[in-house]
Structures are given as structure tokens and as C-alpha cells.
Amino acid sequence: MHAKMLHVFCPSLLPLSFNLKYIYIFSEAVPLVLIWLKLLVAQVQLDMEGALTARDRVGIQDFVLLDETTEAAVISNLKKRFSKDLIYTYIGTLLVSINPYKELDIYNKKQMDIYMGVNFFELPPHIYALADNAYHTMLTEFNNHFILISGESGAGKTEASKKILQYYAVSCPSTTLLNTVRDKMLMSNPVLEAFGNAKTLKNDNSSRFGKYMDIQFDSQGDAVGGHILNYLLEKSRVAHQNHGERNFHIFYQLVEGGSDKLLQQLGLERDCQHYNYLTQGECAIVSSINDKNDWKSVKNALQVINFDEENTSHLFGVVASVLHLGNVRFDTDGKGHALLNDKTELNWVANLLGVDANKLLEGLTFRKIETKSEQVLSPFTIDHAIYVRDAMAKAIYGQTFTWLVNRINETIENKDSSRKTVIGLLDIYGFEVFYVNSFEQFCINYCNEKLQQLFIQLTLKAEQEEYEAEGIEWEPVQFFNNKIICDLVEEKHRGIISILDEECLRPGDATDLTFLERLEEKMGNHPHFVTHKLADKMIRKTLERGDFRLLHYAGEVTYCVVGFLDKNNDLLYRNIKDLVCRSKNAIVSECFSSMDLDNKKRPETVATQFKSSLLKLTEMLMAKEAWYIRCLKSNESKQQGHFDEALIRHQVKYLGLMEHLRVRRAGFAYRRKYEDFLKRYKPLCPATWPHWRGLPADGVELLAQHLGYLPDEYKMGRTKIFIRHPRTLYATEDAYEKCKHELATRLQAKYKGYKAKGEFRKQKEAATKIETCWRGAQARKEKEKRAWAVKVIKKFIKAYINRGQLKTTDNSEYLAFVRQSYLNRLKNNLPVTVLDKTTWLTPPAVMTEASEVLRKLHYRLMVRKYVRGITPQRKAQLQLKFITSCIFKGKKESYPQSIAQPFANTRIGDQEINMRVLSMIRNEHIKYSVPVIKYDRNGFKLRPRQLILTQTAAYVVDEAKIKQRVPYTSLKGVSVSNLTDGLIVFHITREDPKQKGDLIMQCEHLFECLTQLSVIANKQNAIKVVQGSIKVEIQPGKETAVDFSTGQEPMAYKAKNGHLMVVATRTRTR
């Protein structure tokens, strides 16, 4: 049930054949849907965002979408993406990978989670996308698949296979047992790399053997086991390495990383230069390789894959014996025969292998020839002895490697006999072209030719055959079929391998050169074969006499025939076989015990064994669905960020990428069976949703028309629909993603409705029960309340009747209630300002005394708050206003209107006073100044003047001239009227007859001016408010008066009686 629900709510976890009909099935099983709904909405939004924004961020993610399918366009697109560290690009479902020679943060757990269960084109290209789609296609179709990883040595094939293994280890379902199997599969990598990889000129971790690993899955998709096949270990590397190359990693790891105790037990020294088999390449120490750390990894990996201490000890004993065997040096006697003077190394070999030292010496220096009646020992020459020594070392190491692979298979293979599906990973040596190419490169490049032929058969030819089978017309794409090269190498009786075997088996003096002559005789006219003898003058200059050249699909490779016969024979003499079969080393004994020593038949040659294993491999791969990863080297020098266009162009050519791209572009990028296409996309058309009753082909045709497919965008085959452009598929996928969201919304709405109805029923039943209980409880409470209320009301009435009496038991609660009620009302109605004297609530009789006390306290509190909130400036203002109040309050009619008007420090700034006047009175310090209108003493003409008050005198100033100085000591009084006018009269005491008389002025700021004068001159008592007329002394003995009256408008004029008449307006009364 839950598995089917996963099909409904996570369709992106499935291939395009997803069946949406399950939505209707499980819309009935609503309670099980809740968990998946939330996941669905989040997943749909994520997928839609990924589908719409993740495509073609840099360059083109799929070469099929290139505007031009030229080689230049392909390389330009690769370069553009490589510059942004985008190393993966698609050609349809084929993945192209470029080695960046640096670590990229694209292989973490977060990245794995992103690619799990996502359709192939929804996210940017990645090796995880290919691995995930292969996995889910295997689960859906329940068939076997394999991933073919190809490319040159150093292009990153081994790393690619590791990434795929790591992805399956994380993404597949997990249990303790399954985790153990996965750990063993992952840990087999460092062990096999240590024993099978080595540094070459092109790659510091080059696989020197071919590896095919089957990962076994059960019907639930759990990785339950695996199996490894190995091909053609380069055993010659044990005894010989070219300049700049190393032996297998394990030798250096043992010497550099092994403990002192272990090295002592094995008779080894911690110095690689001490061993002949480790120094021929002259690069035992490489900066990019940390042998000590790798040794720790290998030791840990051996424990994980269940190697006990005994097997581990025997394994390292074999490795050490090979090093000691390489240090066995032969001398010659007088007859030229080989002999051994120093047996130290020989004894270590015999000890580690558990064989008799004397018989080992005999096997290395004598050949045992058996006749009918006796056995004869034939002595070796030094060269022959060295050959036998090296052959023994290669045989022991090669057999041990095979044992190691078999032992790993025992630990990871699943013993359950039920049917399993597998995903195979083929990580095999890439095409190699060295300065000197020998038998190993010939076999490796032959293997790559077979893989290229497999690629042609499974991809290019299968593409055309599918079109023909479906009745789709198209123009055939011309491509190079390398069958002619494969036949050149493997054809019976005429191929290079057959001729090589014949030379190895031919009696007489067969040599590498006679083998070359035989090749020239049999293949002289072959277009892909040339030698020094067969070449024209120009080509002959590039060939040595012992070379032959093959024109591979990847280009020309020149092979040196020296060593071909010996390496192909790989013979181990019978007396050596007899010796190692009796070894006390358990591994060696197990490896050689299967040999039939009594069988006189010559064993198959290395080339023939390799050819047979390749044929079996291709047959096995032909029975599986293929996925491809093409690995490219960005440059030969392993530099980060360097893109060698010439090298990339060469790899693009020999990997067949252009042919594959042309096939994809010439035909249709996507094809699917009608049933699968209809199952996935039928929600997009109302006519096909939810069930299509007719033929699948008719439903697909109707669906295509509804989606607006143009006639040239798709074709209808016999059983499949073919879509030409991926963008058409992208648009369909985007519409499908949107449709999924709408379906999820509808399903969610149905579920919410169902859920809400159920909740409503439950709530209604609960509400009915609660209401019944609640009403009963409320009725009981109401009864108790009423009984209580009767008592309280009775008590209240009785207390009210006795409210005027002294406090008693009957009225105490009522009086307390009255007090509390009054205090609560008073709290909400307290006066807000100090001036508010009328709003205090009238207290009841019982609270009269307390209310008065509270009123006084409250007003004191408000006064205190008000006083504390007064600023110094405001305080000064109030002090002046207080003085003004003392002088004028209740005396002058215009006083109340002046209260709200603030006083200024001065009305005339220093800059407005003439500089001459300032210089004359500066020493007296100006305190206040104000503009006034002065009335002449004779005629009362109006004169604008400035009144300046200093510390000692008042000055009347006319611009630059001081008209009158009135010392405060001579100012005997100041008179103003009680009306609203602004007239001021200064009464002056004249000590000198020439001194001017009283001063009459009109001032707008009368209260401010006189208040300042009273403060500065201390003349508060000298200011008088007069009713009626003010007498004015003009001259000694001559007086006049100022009369005052009220009128509509203010005015001043000389009356007929000679007095100054001042008319003031009446104050408005409210």
C-alpha cells in the first residue's frame, strides 16, 4: 500500500512510465494520505523550480540542443562549461565528463539528496542523475543494466565508478545487514587500487587491470551483494617499469607505511631505493601520492571486508617475497651458467613462501627436462635465470591478485537464490599511447576497440534499427564502424592474436622479429596496418624496424614487438610450479593448487585468454541495458583549469561523440511506448483523463494534438511516440508539473473536506454532551446565586435603613461599600490641573473629613509636580509675571490679556542699536531695550524712539543720538492709566534747571517694560496706576496733564484745554 502511495505522491522518483490512476484509487484511502500531502506540495514546488530555472545556466547542458552540431560548437560548449567548473554535459542520456584535476564540492550528501528520484532532465547534468535514473529504470522495468565508463587513461574513469558506488551506498534503503554489504563493496576499492593500480606517465592512479562489478539489488531496490570480474592485470609491471612510472602501489605502501615490526618480520627495509623492482622508473617518491596514508586505508579496508590476521599476514608475505625475489642477483661460472653466491634474498623468499630454499635455487638456475626414463637438469644462463625469476614474480603476484578478487567476491556476494537485478560498472583501462608501446598497450587498446564496437552496436546501429522497426523515416548517419580493426586483431587464423599464438607455439627459433615478418606476410595489404618494411618513404622515417603501426578508431599507435612472444607465453617452468604448489603460504598454495601438473597440454596464451574473456564480457553486456559515461582529459599536464582544445578534439573524435550527437539530432531525442507515455501525461488532456478506453496510440495522438505539438515535432511509430526536440519534452514536463500541483490541490481539498466533516460530527456530539452537563451545572449555580442574592439584598436594605447611625454590625458592610464606591469614583475623576478648584466630587457624609484631607494632599501633589516640572527659563518668566501681577492685578484693565503673553529679554537686539550709542553706554551694560513713541512736551508730537534700560539709567535714543538720560536715582515715579492704553509717564526729579521735564511715551509692551524697569531700577513701589488724569511737569513751574477716556478706537491728540487726550478702547467682558 505505501509503495503504491509513493508512486502517487512522489512521481518524480519514477521514470516517465508513472501511472497517475493510483490517485483515484487512493483518494478513497484518505486517512493514509496525510503524511504524503505535505511532502507532495513541497516536492512539486521544488521540482517546478528545478525544471524551470536549472537548465542551461552556462552553455548548453544537452548537446542535442546546440544550434549547430559541428565539432567546433561542441568543443566551444565544453570549454564554456569547463571554465565555470561544470564538468558534466549530456548528449541525450549519455554523460560527458571532463577531469578538472581538482576537488569540486558537488559530491556531498546534500547533492545526493537533490538528485534522488528526480527525472533525468530536471536538474543540471551530474553523474548522480545518470546513476539514479539507471537505478529507478531497473526497479521499474525489473531488468539488468550496466554503466560503461570509457575514456583515456587519466580521464577519471575510476573516480566516476567510485562516485556511482558511493551514491548507491547512500541512496538505497538502509539496514544493518545492507550497510555491511555496502561498506564491503566500497572498501574493496582501496584494496583493488593498491594491488592493481600504478603511476604511469599519464595518470598517477592508473588502473592496470580491467574491472567489471555487478551490484545486485533485490525487488525492493536494496543493494544486497555484488560480484567483481578482473581482466588482464599488467603483470609485466611487477618486473619492469618505464622511466617515470612506478610498480603497483602496494609495494610502496608496505615499505613506507608498514610498522617497524612488520618490516622486520618480512625482512624489508624502509627504503624503496633498496629494491630492484621499485627503482626502474626512477620515481619511487611522488608528491601527489601519500603512501603512508594509503597504507592505513588499505589496512582498514582489509578489516572491513573480513580479512583475518592470518590471511593478511600471508598476503603481505607474498608482496614482500616479490620484492626479495627482485633482489636475487645471479653471477656466472666459467661456462657462462648462472649461479647464486649471495643467498640472503633467496632465503627470505623461501621463508615467506614456505618452500625449500635449495629447491627454489634449483628452480631458478636449472630447467628440469623429463624424458621417458629420467629427469635431466639443464643449467640456465644469467639472462635465462633472470627471465625465470621475473616470470615467477609475475606469476605469484598475478595469481595472488586473482585470489584477492575472489576473496572479496566471497564477502560481498549474495547467497540468496531468488532473482536479482543488477547494475554493472565497467571500469576498464582507457586507450593508451606511450612513447614505447608494448604487448600490454596492444591488449588494452584492443579492449577499447571492442568496447567501441559494443558502443556502436548498442547505440548507433540500435538507434537506426529502432527507427526502422518503428517505421520512422530518417536519413542514415554515416559513422566509422571499427569492426575492420577488431577483425584485424582477433579474426581466427588471420588476426594478429592468431599469428602471435602460432609463433609462440611454432617449433624452432621463433622470435619477436619472426613474428613481425609473419604479420607483414599476412597483412601487407590491410589499410589499418603498416610496418617499416611496408611503409612509404615518409612514414618509414617514423618507424623502427621492430615496430608495427595500427590505425585504431582513436588514432595511430606504434607498437614495439620486443617482448611480445615472452609476455604472450607467460610460461612458468614445471619445477617452479611443483615448488609453489607445495608452498606453506596458504594464499600461494591455494592459488597454484588448481594447476594440473600432470597435464602435458600447453596452457592458453595470455592474448587468447584475454580475447576469450572480452568476448564473454561483450556477450554479458549485450544482454543488459546500457548507460554511457564518456570521460575526457582536460590536459596532459594535469593542471587545474587548463583546457587543451587539441586534446579534447582528439578525444571527442575517438570516443564517437560526434556520431552519437548526429544520430540524436538527425532523429528524435525522446521516444516512449504509447502505454507509458499515456500513463504519465494523460492528466494534461480532459479527453484522456482519468481513463482512456481506446487504443493507446489514439490516446497519444489526441494528447499530442491537445498539447499543440507541431507535425514536424513528433512522429507516431508502430509502438512508440517519437519527439524530435527535448524542448518539446521540457514544455510537456513543465505542464505536467503544474498539473500535478493542481491534482494535489484537489486531493488536498477532498481530504480536508472529509477531515472537516468527521471533525464536525465529533464536535457536534461532544457539544451536545457538554451542553447537557453545562446546563445542569449552570442551573445549580443559578439556584445558589439567587439564594445568596436574597441574603445580600436583605442585608443591604437593613444597612441602608441604618446608614445614619454609628457603625454597627448591621451597617458596617454598607458603609464600607459607600466608602469604596466613593473612592473608586474619585479615582476616575480627580482634578487634572492646579487651577481646577471645582471638579472635586462631593463626598457622602461618612467621607467628608477624609475627602477634605485627600483633596489637600492631591492639590499639594499637583503643585509639587508642577513646580518640579518648571524649567529655569520658565521660572524666571513666572517671577517676572508675579511682579507684574503685584503691580497691575486688579488695577489696569488690560492686565488680564497680558498674562498669557510671555515676556522677552529684550525687544531690540544690539545690532539694531546704533554703534555710536552702544559705544557711549556699553560700560553701563544694557539690560533691556524696547521701541517706544515719545510725545513732545510742547504740542505732543509723536517721535519714534528707543528706550534702553541699563544698570544705572534709562536712555531715550533717536538713531545715533541720545535724546535724554534718566538716571534711576532721579526717577521719582512712573504713572500709567487704569485703562487699556499703553501710555507711560516718567516723573523725573530735576536737580538742574536745564534738565528736561517728565517723559511721556507710548509702549506696546507696557507690562513687560515696566516690570523690567521695576526689577532693574528696584522701582516696584514707584509705579502707580492712576484713574483720571496724570499731571506732567513740562518745565519748572509749568505743568500740563494727560487725560484719559474710552472710545471705539484708540487715539491720542491735543485737547482744546492744551492737555494730551488719550482715548482707550473698552475691554470686552464675557
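**Aromatic contacts in the predicted model**

Phenylalanine 82 is buried, its relative accessible area being 5%. The model in which this residue was examined is predicted. Phenylalanine 643 is likewise buried, with a relative accessible area of 10%. Both values fall under the 20% that marks a buried residue.

The structure contains 31 aromatic pairs. In one of them, the rings of phenylalanine 82 and phenylalanine 643 lie 5.6 Å apart, centre to centre, and the angle of 45° between their planes makes the pair tilted. Phenylalanine 82 belongs to helix H4 (residues 71-83), whereas phenylalanine 643 is located in the loop between strand S16 (625-633) and helix H26 (645-654); the pair therefore ties together parts separated by 561 residues in sequence.

A further pair is formed by phenylalanine 548 and phenylalanine 564, with ring centres 5.9 Å apart. Their planes meet at 75°, so this pair is edge-to-face, as the angle is over 60 degrees. Phenylalanine 548 lies in strand S14 (residues 547-552) and phenylalanine 564 in helix H22 (residues 564-569); the two are 16 residues apart, and the pair links distant parts of the chain. Phenylalanine 548 and phenylalanine 564 are both buried. These two residues also belong to a cluster linked by ring pairs, which comprises Phe439, Phe442, Phe515, Phe529, Phe548, Tyr559 and Phe564.

Charged side chains also sit over aromatic rings. The charged end of lysine 163 is placed over the ring of tyrosine 107, at 4.5 Å from the ring centre. For arginine 246, the charged end sits over the ring of tyrosine 252, and the distance to the ring centre is 3.9 Å.

Technical notes. Residues are numbered from 1 along each chain as its sequence is written. This is a predicted model: local features need pLDDT of at least 70, side-chain atom pairs count only at pLDDT 80 or more; totals for chains, interfaces and linings use all residues. Side-chain values use heavy atoms; hydrogens and water are left out. Rings of Phe, Tyr and Trp (its six-membered ring) pair if their centres lie within 6.5 Å; planes under 30 degrees apart count as stacked, over 60 as edge-to-face and the rest as tilted. Helices (H or I, at least four residues) and strands (E, at least two) are DSSP runs, numbered from the N terminus. Buried means under 20% relative accessible area, exposed over 50%, partly exposed in between (1.4 Å probe, protein chains only). A charge sits over a ring if NZ of Lys or CZ of Arg is within 6 Å of the ring centre and within 35 degrees of the ring normal.
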